[in-house]
Amino acid sequence: MSIEFENILNFRDVGKTVNDYLGRKAVREGVLYRSARPDEATLNDRRRLTEELGIRTVVDLRSKTEHSAQAEKRQADSKVPTLLQSNAALAEPVQIRGLVYREVRVTGRRLERALLRQLSWWNFIKLIFLFIFGFRVRAIRIMGEEVMQPLGLTGLSLVTLDESGPEIAEALQTLTSPQTPTPTLVHCTQGKDRTGMIVALALLVLRVPEAAITHDYLLSEAGLAREREERVAEMCSIGLTPAWGDCPPELIQRVRGHLDVRYGGVEGYLDSIGFGDEERVKLREVLGA
C-alpha cells in the first residue's frame, strides 16, 4: 500500500489507501499524502515528489528541537564524502525548491506546560537544572519515565487533542487554504502519531468509517519497519519502552470515544478549537471524492 522511495519512509496516498480498503471512492486520490520526514530524500525522491506526484505543499508537524537535531545531523552528514556520494541531495537545501512549506508545531507550549505540571517539584527542578547545564537527553529522560511512559502513546494522543487545539486547527487549515495548494504532503518525524492524528481528524470530517481510518493508521507499523531498531534504541534512551514504536490498534477508537464524551463528537471538538463548519465544508470540497 505504501509508495516506495529510496529515502522516505512510511509514504502513502491517504485517498487511495482508504478507497482500496473500502472498495469505493470516499476520498479524493492524489491530493493528500503522508510520510515520515523527507529530509534525507534523494535527488530521485525529490523528482518523484515534485514531477511524478506533483506535490506543491509540505506541512511539517515537528518541534523546534526535532528541527535542530535534524539540521545538525544533515550538516554532519554533508561533510562525509561517502554519504555525499550516495546521496547528492545532501548538498542541496533541505527544503525542495518550488514547494510551499508550512511548519505547524503540534506539540506546542500549552501541551508542554500540561506535561510539565505532571512532574513532582523535585523532578521539575532537576529537569530545569539538567537543561540549563546542557544535559538535554537526561532531562528528556525524566519526562519520558515520569510523564510519557505512564500516559502511554494513546494517553498522550488524547492529551494532545485537549491541549494543542490551536495548532491542530492550524494544521487542518493548511489543507483548505489557497496559500497552501494541493497536492499536500503531511509529515512529522515518523509520520505515525502526529501525522496520524491530523489525517484521522480530516477523515472523520469526511465521515470515513472508523475501520478505514484505523487501517490507514496501522500501515505505519510496516511503513517504518526498516528503521524500527534505530527508533526503539532512541526511545529507550529517553525513558520509553519499545511499545512506543508500535501503532496501538485501539488508538483511533479511543480518540473517537474521547471526542464523543468530552466534546459531544468530532464537530463539537473542531468547533471548540476554531475549525468551524465553513472550514469543514471546504475540507470536504478539497478531499471528498
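**Cysteines**

I looked up Cys188 and found it buried, as its relative accessible area is 3%. Buried means under 20% relative accessible area, exposed over 50%, and partly exposed in between (1.4 Å probe, protein chains only). The model is predicted, so I note its limits: local features need pLDDT of at least 70, side-chain atom pairs count only at pLDDT 80 or more, and totals for chains, interfaces and linings use all residues. Residues are numbered from 1 along each chain as its sequence is written, and side-chain values use heavy atoms, with hydrogens and water left out.

I then searched the whole structure for disulfides (a pair of cysteine sulfur atoms within 2.5 Å). I found zero. For Cys188, the nearest cysteine sulfur belongs to Cys247, 11 Å away. Cys236 is in no disulfide either; its nearest cysteine sulfur, that of Cys247, is 17 Å away. Cys236 is partly exposed, at 32%.

**Aromatic rings**

How many aromatic pairs are there? I count five. Rings of Phe, Tyr and Trp (its six-membered ring) pair if their centres lie within 6.5 Å; planes under 30 degrees apart are stacked, over 60 edge-to-face, the rest tilted. Phe129 and Phe133 have ring centres 6.2 Å apart and planes at 15°, so they are stacked. Phe129 is partly exposed at 48% relative accessibility, while Phe133 is exposed at 57%. Phe5, Phe11 and Tyr33 form one aromatic cluster.

**Charges over rings**

I checked for NZ of Lys or CZ of Arg within 6 Å of a ring centre and within 35 degrees of the ring normal. Arg48 has its charged end over the ring of Phe5, 4.5 Å from the centre. Arg138 sits likewise over Phe135, at 5.3 Å.
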